[in-house]
Amino acid sequence: MQLSKLKYRDLLFLASSTDLENIVFRNEKAELKSSYDVALVLGGPKMIPDRINKALEYYQKGIAKKILVSGSFGFLSISIPSEASKMCHYLLNHGVFKEDILVEKKSHNTWENMKFSLELLKSKYNLNEISLALITSDYHLKRSLATLTHLCPSKDITGIGIKDTLVNIDTWKKSSFSKFLILKEALLLLYYVKKKRIEDITIPNVLLNRRKSKNNAS
């Protein structure tokens with residue numbers, strides 16, 4: 001079934017932990033290329049060190065030639081300086097050359113992360129001629145990669161989900177706050193689908209069947 005067939009209350013009241021995990025997390029493993037022109041890193045609660053260290057690792061190994069850091073502030077991260085500025089400072093302190101860092105610090109959500117990052121890249125490169133890797137937390141990868149692909153459908157973009165120490169696929173069921181974040185991500189995926197910010201997502205039929213069973217019972 002398609003995610004668009006669900007209502008928000010289905011996720012709030014009918015979804016099991018398995019349902020939410022199937023909706024939020026990607027099952028596909030990224031096929032890494034030998035190198036990328038740009039690694040795009042998204043801001044967030046655990047951007048430092050979790051997300052940014054993966055980009056730093058790729059840069060140090062020569063896999064990523066440049067690093068684009070994106071984010072002003074967002075959910076759980078309202079601060080000055082911006083998320084992007086903090087990540088830039090971290091990279092500079094770990095030996096990344098200033099000319100190899102691109103900074104996008106206007107975005108306040110995932111949609112704006114992608115929109116403004118693409119605008120920045122277009123101002124410097126021919127998008128058709130560069131290779132791009134997207135780095136974010138594993139629970140955020142499906143929505144962020146789908147958004148970037150929707151805005152730039154002609155590009156083959158590698159999505160790399162890292163295990164966030166705040167919440168990840170192995171630990172999210174262990175705390176109420178982690179469960180809240182995964183439910184929030186599922187609701188945002190549904191919102192993005194309904195607003196046509198991303199393409200529709202195929203999910204198991206379980207939730208729709210539960211809704212039908214509940215309606216029949218009532």
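Which helices each supply at least two residues of the lining of the largest cavity? The answer is H2 and helix H8 (206–217). The legends below describe close-up views of a predicted model.

**View 1. The largest cavity and its lining.** The structure holds 1 cavity of 30 Å³ or more. About 40 Å³ of space lies in the largest cavity. Its lining is formed by Asp19, Asn22, Ile23, Ile203, Pro204, Val206 and Leu207. H2 gives the largest share of this lining, 3 residues, and H8 is the other helix that supplies at least two. By class, the lining of the largest cavity has 5 nonpolar residues, 1 polar and 1 charged. Rolling a probe the size of a water molecule over the atoms shows where empty space is left.

**View 2. Helix H2 against helix H7.** Helix H2 covers residues 17–24 and helix H7 covers residues 176–194. Their axes come within 9 Å and cross at roughly 55°, and H2 and H7 are therefore oblique to each other. The crossing in which H2 passes H7 is left-handed. On the H2 side the contact involves Leu20, Ile23 and Val24. On the H7 side, Ile182, Leu183, Glu185, Ala186 and Leu189 meet them. Sorted by class, the residues of the contact of H2 with H7 are 7 nonpolar, no polar and 1 charged. Ile23 of H2 belongs to this contact and is also one of the residues that line the largest cavity.

**View 3. Helix H6 alongside helix H7.** Helix H6 (138–151) packs with H7 at an angle of about 15°, and their axes are 9 Å apart. That angle makes H6 roughly parallel to H7, because angles under 35 degrees count as roughly parallel. The crossing of H6 and H7 is left-handed. H6 brings Tyr139, His140, Lys142, Arg143 and Thr147 to the contact. H7 brings Ile182, Glu185, Leu188, Leu189 and Tyr192. The contact of H6 with H7 consists of 5 nonpolar, 2 polar and 3 charged residues. Ile182, Glu185 and Leu189 of H7 take part in this contact, and these residues also meet H2.

**View 4. Helix H3 against helix H4.** Helix H3 runs over residues 47–60, and helix H4 over residues 83–93. The two pack at an angle of about 55°, with axes 10 Å apart, and that makes H3 oblique to H4. H3 passes H4 in a right-handed crossing. From H3, the contact is made by Met47, Ile48, Pro49, Ile52, Asn53 and Leu56. From H4, Glu83, Lys86, Met87, Tyr90 and Leu91 take part. The contact of H3 with H4 holds 8 nonpolar residues, 1 polar and 2 charged.

**View 5. The cis peptide bond at Pro49.** Pro49 is found in helix H3. The peptide bond that joins Ile48 and Pro49 is cis, with an omega of about 5°. Both Ile48 and Pro49 are among the H3 residues that make the contact with H4.

**View 6. The backbone at Lys196.** Lys196 sits in the loop between H7 and H8. This residue is not a glycine, yet its phi is positive, about 60°. As background to this view and the one before, most residues other than glycine have a negative phi, and most peptide bonds are trans.

**View 7. Ala15 and its contacts.** Ala15 is found in the loop between helix H1 (8–13) and H2. Leaving aside its neighbours within four places in sequence, Ala15 is in contact with Asp10, Leu20, Leu207 and Arg210. Of these, Leu20 is also one of the H2 residues that meet H7, and Leu207 is part of the lining of the largest cavity. Ala15 and Asp50 are 35 residues apart in sequence, and their C-alpha atoms are 29 Å apart in space.

**View 8. The second largest pocket.** About 300 Å³ of space lies in the second largest pocket. Its lining has 13 residues, of which Arg26, Glu28, Asp138, Leu141 and Gly161 lie nearest the centre of the pocket. Helix H6 and strand S5 (157–162) are the elements that give two or more residues to this lining. S5 supplies the largest share, 3 residues. The lining of the second largest pocket divides by class into 5 nonpolar, 3 polar and 5 charged residues.

Key. Residues numbered from 1 in each chain as written. Predicted model: local features only at pLDDT ≥ 70, side-chain atom pairs only at ≥ 80, totals over all residues. Heavy atoms only, no water. Axes fitted to C-alpha atoms, helices over the stretch in contact; angles between N-to-C directions. Helix = DSSP H or I, 4+ residues; strand = E, 2+ residues; numbered from the N terminus. Parallel < 35°, antiparallel > 145°, perpendicular 65-115°, else oblique. Left-handed = near helix turned anticlockwise from the far one by under 90°. Contact = heavy atoms within 4.5 Å. Nonpolar A, V, L, I, M, F, W, Y, C, P; charged D, E, K, R; others polar. 1 Å grid on protein atoms, 1.4 Å probe; cavity = no way out; pocket = protein on both sides within 12 Å on 5 of 7 lines; lining within 4 Å. Points joined across faces, edges and corners; volume = space filled by probe spheres on them.
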